[in-house]
Amino acid sequence: MGIVVENVSKRFGSFKAVDSVNLEIESGSLVALLGPSGSGKSTLLRLIAGLETPDEGRILLTGEDATHRSVQNRGIGFVFQHYALFKHMTVRKNIAFALEIRKVPQAKVKARVEELLELVQLAGLGDRYPSQLSGGQRQRVALARALAVEPKVLLLDEPFGALDAKVRKDLRAWLRRLHDEVHVTTVFVTHDQEEAMEVADEIVVMNKGRVEQIGTPAEIYDHPASAFVMSFIGPVNVLPSTSRIFEANGFESAHPEVFLRPQDILVETAPNSSSVPARVSRIIHLGWEIQAELTLDDGQVVTAHLTRDRFDELNLKPQQRVFVKPKEAKAFPLYYSI
């Protein structure tokens, strides 16, 4: 089922949570709504689900206007951040609940539940209660329950936000594999850039109720449409356009600020005509890469990311004198702070 959002707005009192949003989600795709708190991403998800009604605009599902259609008649499965499982019911009963209230024959319910337990890798745990499961297992039960009625659309509101980092990363990979198996049109809300980049086919970046950019993870990262997108997706250095590091390389900008990714700072131990001096103020080991905080002679601090091989080759030490230059930088007409 494809989803089309046409010029949708939603206010809560004087606050405009969603502001004239237009969005098209292709059938069978996995899309992330990404943005900081208060950007409107969860409200947009609830509008698609029918849990909120737009003040303006309309929402189409499979080409049909569903703006005022009830939640039950939208063919949507919804997964909340905090699972919302029935504590007094077993895993099997939780998954079967929506089927039973629809009076599906018991034989079909049983077969569907067992199929879903296998799908979410919880076979053998059907008789346990939610309190007997880990957070990651409970979230998989919530996903199985949402899939039980074979929804045309699956909506997930920060589904991994309540989990620790290791479990969250494991479930991200699992969700991607699950989607590739079931091919249900899926939209999930997150404020975690890494999560969106790792899981989604397409990312919708939101800020202050509006869509800043829509694109693949590569497009969003490599070709940000605005200063906000570049500052929100991945680490970045923001420097005055008059900084010596740009002047020495002939980079000119009419805009007051220039954006420079840490991996786009070249570090050398010997000077050349286009490099500027700096001092290593801090070295942070991040496993597969090294983060070096460098203080330029004018006092500005920039962060550079180096591979371990390059770090070992340079043999950097704290307080060491080095020379840096930008490989690539971007400037935008306006900069919106997060």
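Two strands count as paired if DSSP finds at least two bridges between them. Helices (H or I, at least four residues) and strands (E, at least two) are DSSP runs, numbered from the N terminus.

This is a predicted model, where local features need pLDDT of at least 70 and side-chain atom pairs count only at pLDDT 80 or more, while totals for chains, interfaces and linings use all residues. Residues are numbered from 1 along each chain as its sequence is written, and side-chain values use heavy atoms, leaving out hydrogens and water.

I start with the sheet. Six strands make an open sheet with mixed pairing, in the order S6-S7-S8-S3-S9-S10. At the edges are S6 (76-79) and S10 (210-215), each of which pairs on one side only. Inside the sheet, S7 (residues 153-157) and S8 (residues 185-190) pair in the parallel sense over five bridges. Leu 155 has Val 187 in S8 as its bridge partner.

Now helices H2 and H3. The axes (lines fitted to C-alpha atoms, for helices over the stretch in contact) of H2 (residues 91-101) and H3 (residues 106-119) come within 9 Å and cross at roughly 130°. Angles run from 0 to 180 degrees between N-to-C directions.

After H2 comes Lys 103, with a positive phi near 60°.
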